[in-house]
Amino acid sequence: MTTAYETCKSACSEEWDAAVNHRFNRELVSDTLDDKVLRKYLIQDWQYTDGFYSLLGQAVASADRLESKIRLGRQLGFIANDEDSYFRDRFRQFKVTPAELDRPTLTPSSVGMARLYADTVDTRRYANILAVLCVAESLYLEWAQRLTDQGRVLPRKEQNLGWVRVHREAGFIEWVDFLIDELNRVGDPDDHALSARFAKATHWELEFLNDAYR
Ligand SMILES: Cc1ncc(CN)c(N)n1
């Protein structure tokens, strides 16, 4: 039987593949990414993180069983530690000022993503939240694995290596497996609204990468 994750992903495979193989990810892995582009990307991504915390918090509230809530709660701890350290180290390295982080002009994709996340939180529906989380996390795991040839070809610059590291370490791989299993457990493969939400999240992920160069 085709799973909800497979159905959702194949319905938006063109934009999905474009995001995975995006110039930004390729340049980051090959250490050819202009730091100015990474800097701009990270300032926007910091704003994105705000919505991501809310989404994860709502996932804890909406999950249908304690076992799932515990795993989701553990991930909140991870992003508040390892991923947060990466951001803070980069903001120091790139001399990003508090003023730049406090309400920067949002790119169109940051606005689109924030709206989608807020709308998804408002549905209070675990399957919807999982669809959006699955895109955010499994798309990142996929580029981090594929473009590094499963970790055989890694960037050397700390700003690039650190971003790859948080998206392909063992704990992250297990987290993505959990999200996909959860989506397949509670999501209906014939739910068109669910795959439309998944596709919208994929669209904004692709635009988010494009906006880093605009
Ligand atoms: C836009 C975006 N999408 C996904 C991720 C990975 N959590 C991220 N950091 N930023």
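**Around the ligand**

Student: How many residues in the shell around the ligand are nonpolar, polar or charged?

Tutor: This is a predicted model, so to speak of local features you need pLDDT of at least 70, side-chain atom pairs count only at pLDDT 80 or more, and totals for chains, interfaces and linings use all residues. Residues are numbered from 1 along each chain as its sequence is written. Ala, Val, Leu, Ile, Met, Phe, Trp, Tyr, Cys and Pro count as nonpolar, Asp, Glu, Lys and Arg as charged, and the others, Gly among them, as polar. The shell splits into four nonpolar, no polar and three charged.

Student: And which elements give two or more residues to that shell?

Tutor: Asp 45, Tyr 48, Ala 136, Glu 137, Tyr 140, Glu 205 and Phe 208 surround the ligand (C-beta atom, placed from the backbone, within 6 Å of it). Helices here are DSSP runs (H or I, at least four residues), numbered from the N terminus. The elements in question are H4 (35-62), H8 (126-146) and H11 (192-211).

Student: At what angle do H8 and H11 cross?

Tutor: Their axes (lines fitted to C-alpha atoms over the stretch in contact, with angles from 0 to 180 degrees between N-to-C directions) come within 9 Å. The crossing angle is roughly 35°.
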